[in-house]
Amino acid sequence: MQIQDVINLAGGIALFLYGMSIMGAGLEKLAGGKMEGILQRLTSSVPKAVLLGAVITGLIQSSAGTTVICIGLVNSGIFTLSQAIGVIMGANIGTTVTGQLIRLSDISGSGWLMTMLKPSTFSPIVAFIGAILFVFIKSPKKRNIGQICMGFGILFTGLFTVERAVEPLRDSPLFVQLFTSLQNPILGVLAGALVTVAIQSSSASVGILQALSSTGVVTWGSAIPIILGQNIGTCSTPLLASFGASTAAKRSAIVHLYFNVIGSAVFLAAVYGLKAAGLFPFWNEVMSRGDIANFHTLFNVVVTLAFMPFTKVLAWCAERTIPEKPGEALDLSMPVLDERLLHSPAVALQQAKAAVEKMSRRAYVNFTNTSSLFHKFDAEVHSNVIHREELLDKMEVQIGDYLIKISDQEISDAENHTISEMLKFIGEYERIGDYTINLMQCAQRLHDNEVHFSPAAEKQAELLFKAVADVQKLTNAAFAGQDAEMADRVEPLEETIDRMCEQLRELHIGRLKDGSCSVESGIIYLDMLTMLERISDHCSNIAARLIGNLSDDLDAHQRKHTLLAGEDPVFNQRLAEMERIYMKPLAEIMD
């Protein structure tokens, strides 16, 4: 094998991988971002989930890609672990499509139809059509189709380049010896796994093996362990994707690993058992492209069918391998908003209110977790905060859509007003979630830049965090109980928080001036105060809306102006109590 052949081999592999990548990307774009929605809707049973996983993977040409999508859905709480297992199993079947397409190169015959069916004939034509669509057509949909066609053509161009580059190897004793050594099952499985980990695609590694089969030295004995190892190697991408994700997402990735490792081990034992019994007479015969594709498909179909009744066992193994950490159990379920109740608007509104309550609790948990990051930064807590915030965003859309559907029914004026107010409440809670994310970014900046607040600043901030947590807890309780008296207690605490923030700004600016605090940490501290103050402001908005709705006093701004003017003795008494609880300890914390 000459140096030129090595260069051509490297270039062919690069084209093959690039073709697969842009073809899969084009298919995902063509789906219009609906992939997650399709997966979510059609996984009510294991057989359906398996079929869906196979179809999706057959389209995007990546079992790892489908599994990573599943991990994302489990991580956000949209998927349960049991739903994900079925899709992951089906993904292993879908990934065999590439090999079946490549086997078309084995078609023989000189007729016009047989010639057109050969990839060497139709792939350049498909690539040319794709280039025209991609370069000259402005329609996004047609450009995506063009990208798919170009990827398909490039894939086969790379494959043919690899085949031509490895032709000299058929006469190489070293190459023949290498493949003979791979008949050792452990070496073969290891080689297949490592190659797949390196190129991050079992479909591509099977395609490369099919290209090598043209040398005539790839026997059944050497190829079978490699193919089984390729299925194990494809688990690397989902495992990497699960780092820093939730416990449920990590379990999805480990299920994928268990499924492939156990399936490969059982299948390998069965194959070698048949060989020992003399039922594998073609063990040392050459394996063609079609043989490789068929064995790859057979293995994945048989293992999937065998494991389908044992999805709960796989889930149990994953749960034992990755247990919940103490206090880590994450409520990542989406609220149930049953559209069958839309014909009973009053009941549907109660269901929507329960969903908003769940949203408020989730925002509060995110805030308390974020406050802990200022004491000790934890990557997993950071990841959980992000995923819970993504879920808050989804809840805002889902609850909003449900409320709009209720408004389309025959409802009273009072119910229509309740819907309008509920839409405003979910907006307030979503904004609290956004400011919590901004707070988390402050904690991350402290961690990334390796800077710290001064001891006095830390103690003062800790007291402020407690006050903001208390105002959130009070607001959430008032909303859940529709309690005007409890909502009335929010404004005195919110005003106290405003005064605490104002005092802490002055103290911190003083620290900046005398050099006891660095400029970098000082900017982060001031940003933190702003976020805490805004979270408190949104709690005030929620409480004021509650009071307005429950007492028919809809002018919340005028009411707040009256309270702050000192004209309400009850408010004044409560404000003095809040200042005693929070402002007095603040004054005792001296630099």
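Let me begin with Arg 574, which touches Glu 485, Asp 488, Arg 489 and Pro 492 once residues up to four places away in sequence are set aside, a contact here being heavy atoms within 4.5 Å. What I am showing is a predicted model, in which local features need pLDDT of at least 70 and side-chain atom pairs count only at pLDDT 80 or more, while totals for chains, interfaces and linings use all residues. Residues are numbered from 1 along each chain as its sequence is written, and side-chain values use heavy atoms, with hydrogens and water left out.

Staying with Arg 574, this residue is placed in helix α26, residues 569-588, where helices are DSSP runs of H or I of at least four residues, strands are runs of E of at least two, and both are numbered from the N terminus. Its side chain is joined to that of Glu 485 by a polar contact of 2.9 Å; by that term I mean a pair of N or O atoms within 3.5 Å, where within protein one must be able to donate a hydrogen and the other to accept it, and where residues adjacent in sequence count only if both atoms are side-chain atoms. Arg 574 counts as buried because its relative accessible area is 18%, and buried means under 20%, exposed over 50%, and partly exposed in between, with a 1.4 Å probe and protein chains only.

Stepping back to the chain as a whole, the secondary structure comes to 26 helices and 0 strands, and 48% of the 591 residues count as buried. Among contacts between residues at least 6 apart in sequence, 81% join residues at least 24 apart. As for confidence, pLDDT is the predictor's own estimate for each residue, from 0 to 100, and the chain averages 80, with 81% of the residues scoring at least 70.

How many disulfides does the model contain? With a disulfide taken as a pair of cysteine sulfur atoms within 2.5 Å, the count comes to 0.

Helix α20 also holds Glu 430, which counts as buried because its relative accessibility is 11%. Beyond its neighbours within four places in sequence, Glu 430 is in contact with Met 359, Glu 389, Asp 393 and Glu 396, and its C-alpha atom lies 6.7 Å from that of Asp 393, a residue 37 places away in sequence.

At the start of α19, a side-chain oxygen of Asp 378 reaches to within 2.8 Å of the backbone nitrogen of Glu 380. The end C-alpha atoms of α19 are 42 Å apart, which agrees with the 42 Å that its 29 residues should span at 1.5 Å a residue, since the expected span is 1.5 Å times one less than the number of residues.

Two loop residues deserve a look. Most residues other than glycine have a negative phi. Gln 482, in the loop between α21 and α22 (484-488), has a positive phi of about 45 degrees and is partly exposed, at 33%.
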